Amino acid sequence: MAAQGHETSTNIGDQIIAHVANSDVMIHFDLFGVDLSITKHVIMLWIAAGVLVTTALYASRKYRSEERPIPTGFTNAFEFVVDFVRTGILIPTVGKDHVLKWGPLVMSFFFLILTMNFLGLMPMFNYINHGHGGTTATGNFNMTAALAIITFFAIIIAGVLEHGFFKHWKNMVPGNVPKAVLIILIPIEVMSMFVRPFALTMRLAANMTAGHVAMLAIFAPIFILHNAYVGVASVAMNVGITFLEIIVSIVQAYVFTLLSSVFIGQSIHPNH
């Protein structure tokens, strides 16, 4: 009996790991030594990109065809979100004069992460590639690391464009600091350069994976106890967690975008 219970727990554990992990490689593709194989998360990324391009083109169709359009309906809703990112994230962090320069990157972060987070809540992706890997692509550390690396180079480029190459690196260290302190301060500042993208990578991937693990863990007692009351309670709890995951999807897109914009703004305005 104990052995059977242990076997059931092990199978459920395998199911949870299989759900939150990426799928097997569907099509192997190698370009100049770089592995560009297609997996479920790659497909989800393509779908997210397609949805975003289609949405942006549809929402902006009046602006391309009319000289002074009045936004209504879906266009108005899309403009509301764009204006929220502009006034709530971009202007307070990078400054009004730099919105046009860094707005496309920051808004791309927000809309892409938000779309992929929502795609991860759709159960249809469980049926691709024999059910392996149903979590969101933003729960994949490779994906979040790629976004964080873009932020890393954007921070450097923003500082160099604003202050020049040498002044940018000089700005990393506060002025009027004793030379003895610089021995400690400079290594700390260099480490902080790499800690920022690492924190962005881990924060987004861990938060988006945690919700899926929690939902599967709540379902697990159904298969261990075989009790109808436990089943009803598990389903009721997961309905609540699903609504919570919708909020988490929005919050995590906001947090990654805000932190990236703050880091870029600190590079542009080092004294603030």
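Trainee: Which residues is N140 in contact with, leaving aside its neighbours within four places in sequence?

Mentor: N140 is in contact with N22 and H41. Keep in mind that this is a predicted model.

Trainee: Where is N140 placed?

Mentor: In the loop between α5 and α6.

Trainee: Is N140 buried or exposed?

Mentor: N140 is buried, because its relative accessible area is 13% and the cut-off for buried is under 20%.

Trainee: OK, on to the helices beside that loop. How do the axes of α5 and α6 cross?

Mentor: Helix α5 covers residues 99-119 and helix α6 covers residues 141-163. Their axes come within 12 Å and cross at roughly 170°. So α5 is roughly antiparallel to α6, since angles over 145 degrees count that way.

Trainee: Which hand does the crossing of α5 and α6 have, left or right?

Mentor: Left-handed. On the α5 side, the contact is made by W102, L105, F109, L112, I113 and M116. On the α6 side, M143, L147, I150, T151, A154, I157 and A158 take part.

Trainee: What about α6 by itself? How many residues has it, and how far does it reach?

Mentor: α6 has 23 residues. From first C-alpha to last it reaches 33 Å, close to the 33 Å expected at 1.5 Å a residue.

Trainee: Which residues of α6 are buried?

Mentor: M143, T144, L147, A148, T151, F152, A154, I155, I156, A158 and G159.

Trainee: Why might residues three or four places apart point the same way?

Mentor: Because an α-helix has 3.6 residues a turn.

Trainee: And what do the buried residues of α6 pack against?

Mentor: Five helices: α2 (40-59), α5, α7 (165-170), α8 (179-225) and α9.

Trainee: α9 again. How do α5 and α9 cross?

Mentor: Their axes come within 9 Å and cross at roughly 160°. α5 and α9 are therefore roughly antiparallel to each other. This crossing is right-handed.

Trainee: Which residues make the contact of α5 and α9?

Mentor: From α5, they include W102, L105, V106, F109, F110 and I113. From α9, they include I246, I250, A253, Y254, F256, T257 and I264.

Trainee: Let's pick T257. Buried or exposed?

Mentor: T257 is buried, with a relative accessible area of 0%. It is found in helix α9, residues 228-268. Not counting residues up to four places away in sequence, T257 touches I89, V106, F109 and F110.

Trainee: New topic. Where is R64, and is it buried or exposed?

Mentor: R64 is in helix α3, residues 61-65. R64 is exposed, with a relative accessible area of 52%.

Trainee: How far apart are R64 and L225?

Mentor: They are 161 residues apart in sequence. In space, R64 and L225 are 60 Å apart, C-alpha to C-alpha.

Trainee: Last one, F29. Where is it placed?

Mentor: F29 is in the loop between α1 (2-20) and β1 (30-31). F29 counts as partly exposed, at 42% relative accessibility.

Trainee: Which residues does F29 touch, not counting those up to four places away in sequence?

Mentor: F29 touches V34, D35, L36 and S37.

Note on methods: Residues are numbered from 1 along each chain as its sequence is written. This is a predicted model: local features need pLDDT of at least 70, side-chain atom pairs count only at pLDDT 80 or more; totals for chains, interfaces and linings use all residues. Side-chain values use heavy atoms; hydrogens and water are left out. Axes are lines fitted to C-alpha atoms, for helices over the stretch in contact, and angles run from 0 to 180 degrees between N-to-C directions. Helices (H or I, at least four residues) and strands (E, at least two) are DSSP runs, numbered from the N terminus. Angles under 35 degrees count as roughly parallel, over 145 as roughly antiparallel, 65 to 115 as roughly perpendicular and the rest as oblique. A crossing is left-handed if the near helix is turned anticlockwise from the far one by less than a right angle, and right-handed if clockwise. Contact means heavy atoms within 4.5 Å. Buried means under 20% relative accessible area, exposed over 50%, partly exposed in between (1.4 Å probe, protein chains only). The expected span of a helix is 1.5 Å times one less than its number of residues.
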